[in-house]
Amino acid sequence: MVVHEGLGFRLENFPLGTRVVYPPESLPAVPDVDDAIDHALRHPVDSEPLPALLRPGMRLTIAFDDISLPLPSMKSPDIRGRVIEAVLTMAAEAGVDDVKIIAANALHRRMTAAELKHIVGERVFRSFYPQGDLYNFDAEDRDELAHLGTTDKGEDIEISKRAAESDLLVYVNVNLVAMDGGHKSVGIGLASYKSLRHHHNAKTMVHSRSFMDHKHSAMHHSAWRMGRIIKDTVQVFQIETTLNNDVFPSSLAFLQKREWEWSVRDQASMLAVRRGLAMAPQKARHKLFHDVRSVYGLTGINAGEVEAVHERTLEKVHAQHSVEVNGQSDVMVMGVPYLGPYNVNSSMNPILAACMGLGYYFNSYRGQPVVRKGGAVILYHPLDEGFNQLHHPSYVDFYEEVLAESTDPAVVGEKYEQQFAQDPWYIHLYRTSHAYHGVHPFYMWYWIAHALDHVGEVIWVGGNRKAAARMGFRAATTLQDALEMASGTVGSAPSITYLHNPPHLLADVR
């Protein structure tokens with residue numbers, strides 16, 4: 001079986017009897033994207049048509065998901081850019097001339113001009129960016145934040161002032177997985193630390209079962225409480241798009257297929273890529289993978305009232321990603337690829353690798369986790385300690401200082417979060433450079449809290465032993481070594497499930 005491991009993959013021999021869960025085949029794409037966009041805007045769900053909401057003299061704000069979605073990035077033209085162009089065309093026809101376009105990056109790093117251009121397209125970029133009307137959200141600009149109140153649980157709601165004071169806020173979303181969209185869009189993407197701290201914490205994350213099921217996710221419950229107050233204060237027109245599973249381009253088409261379906265050409269391509277990766281220096285391997293642009297097909301687009309739209313979105317997401325899985329296993333095996341939401345055009349450090357494997361992939365379930373309570377998780381990734389100093393400066397201190405003292409998400413949050421969140425240097429880098437906010441590594445660590453609470457053993461095959469130990473895990477050279485190390489937890493003949501992703505899948509475990 002192919003197993004991803006950072007900037008490469010291996011062919012692994014699994015024990016006889018291993019259950020392999022593959023992602024579903026790609027759904028067919030809509031035949032006419034422009035027609036689908038126009039229809040969604042003119043026939044929204046539980047809302048007046050977009051043209052009816054537009055009028056001369058109004059303040060219109062368009063917000064969109066940042067580069068953390070989709071993964072990998074979409075080949076041009078990006079669906080968000082196509083939607084934004086359609087919205088702007090209708091706005092121009094209605095005589096709207098006060099328009100701002102905001103990248104909803106919350107505490108993520110600011111996108112570069114080139115990254116913004118790739119998403120919104122050449123025409124929108126040229127028309128709005130030079131004048132400062134297309135920009136990254138700044139969660140630390142106190143003059144540009146608006147406090148909308150608190151929920152009945154005492155959660156602060158503080159979002160972009162421009163968005164809050166607009167006559168209409170149009171949010172353009174890409175729903176790559178079931179976790180995205182809904183009230184998570186405005187309530188998180190345009191929110192400050194004052195709001196995010198209420199649900200991005202260890203206590204909330206450990207009770208999110210799972211992030212891909214918003215009805216059983218404490219994080220989503222909080223976001224929904226906030227979102228309903230936002231909806232009562234701000235007129236939001238939500239636009240959500242769903243994509244199929246066409247993740248890899250033709251040069252890596254064999255990664256889209258089950259191994260026994262490989263043609264002779266697929267086998268030759270696989271061998272050529274493996275040889276090339278083995279010979280290439282890390283910089284070349286990084287460029288090869290990060291230059292990948294996916295040829296996703298649009299499977300659906302819905303617009304209108306946030307919750308009604310999101311229900312339709314989830315139907316499409318589940319149709320694309322859901323796989324029925326009968327019962328739990330003693331051991332779950334996952335390969336962690338080169339890319340996650342927080343290392344686009346960057347490097348995947350050990351903290352991000354842990355977040356991808358134990359946060360996103362572990363939580364790719366509905367019902368119950370794929371691995372039983374107290375079982376073992378085996379992951380593949382080299383855990384390279386090469387931190388990107390431009391994008392992840394606070395990660396270095398978190399890794400060297402905080403994790404050296406404790407790996408317990410609740411403990412590190414209680415003792416160190418405020419220090420990192422309020423550090424003036426980290427805030428300066430977030431606001432003026434392209435650094436993730438100082439508190440961001442804490443959020444990544446909270447993301448794995450549910451997995452740490454659930455499993456009894458985490459082992460990294462091929463992982464840097466020092467890095468694994470720093471995070472409280474163990475490393476093994478081979479899968480057989482990892483299974484022997486886990487035998488004290490799961491026995492000598494455990495049941496094993498291998499989640500064969502990417503492309504994405506959602507395990508419906510019954």
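Visitor: How much accessible surface does the protein chain have, and what share of it belongs to carbon and sulfur atoms?

Guide: Accessible areas come from the Shrake-Rupley method with a 1.4 Å probe, and for residues only the protein chains shown count as cover. Here the protein chain has about 19300 Å² of accessible surface, with 49% belonging to carbon and sulfur atoms. This is a predicted model: local features need pLDDT of at least 70, side-chain atom pairs count only at pLDDT 80 or more, and totals for chains, interfaces and linings use all residues. Residues are numbered from 1 along each chain as its sequence is written, and side-chain values use heavy atoms, with hydrogens and water left out.

Visitor: How many helices and strands does the protein chain have?

Guide: Helices (H or I, at least four residues) and strands (E, at least two) are DSSP runs, numbered from the N terminus. The protein chain has 21 helices and 19 strands. Its radius of gyration is 22 Å, close to the 24 Å from the globule rule for 510 residues, so the chain is as compact as a globular protein of that length. The radius is taken over C-alpha atoms, and the rule is 2.2 Å times the number of residues to the power 0.38.

Visitor: What percentage of the residues count as buried?

Guide: Buried means under 20% relative accessible area, exposed over 50%, and partly exposed in between (1.4 Å probe, protein chains only). Of the 510 residues, 63% count as buried. One case is Ile378, at 0% relative accessibility, which sits in strand S15 (residues 371-380).

Visitor: Which residues does Ile378 contact beyond its neighbours within four places in sequence?

Guide: Contact means heavy atoms within 4.5 Å. Among the partners of Ile378 are Val331, Met332, Val333, Met334, Ile459 and Leu483. For the protein chain, 80% of the contacts with a separation of 6 or more are between residues 24 or more positions apart.

Visitor: What backbone geometry do most residues and peptide bonds have?

Guide: Most residues other than glycine have a negative phi, and most peptide bonds are trans. In this model, Ala106 has a positive phi near 45°; this residue is buried at 6% relative accessible area, in the loop between strand S5 (98-104) and helix H4 (113-120). Leu383 also has a positive phi, about 55°, and lies in the loop between S15 and helix H15 (393-405).

Visitor: Where are cis peptide bonds found?

Guide: One joins Asn501 and Pro502, with omega about 5°. Another joins Pro502 and Pro503, with omega about -5°. Pro502 is in the loop between strand S18 (496-499) and strand S19 (506-509), and Pro503 lies in the loop between S18 and S19.
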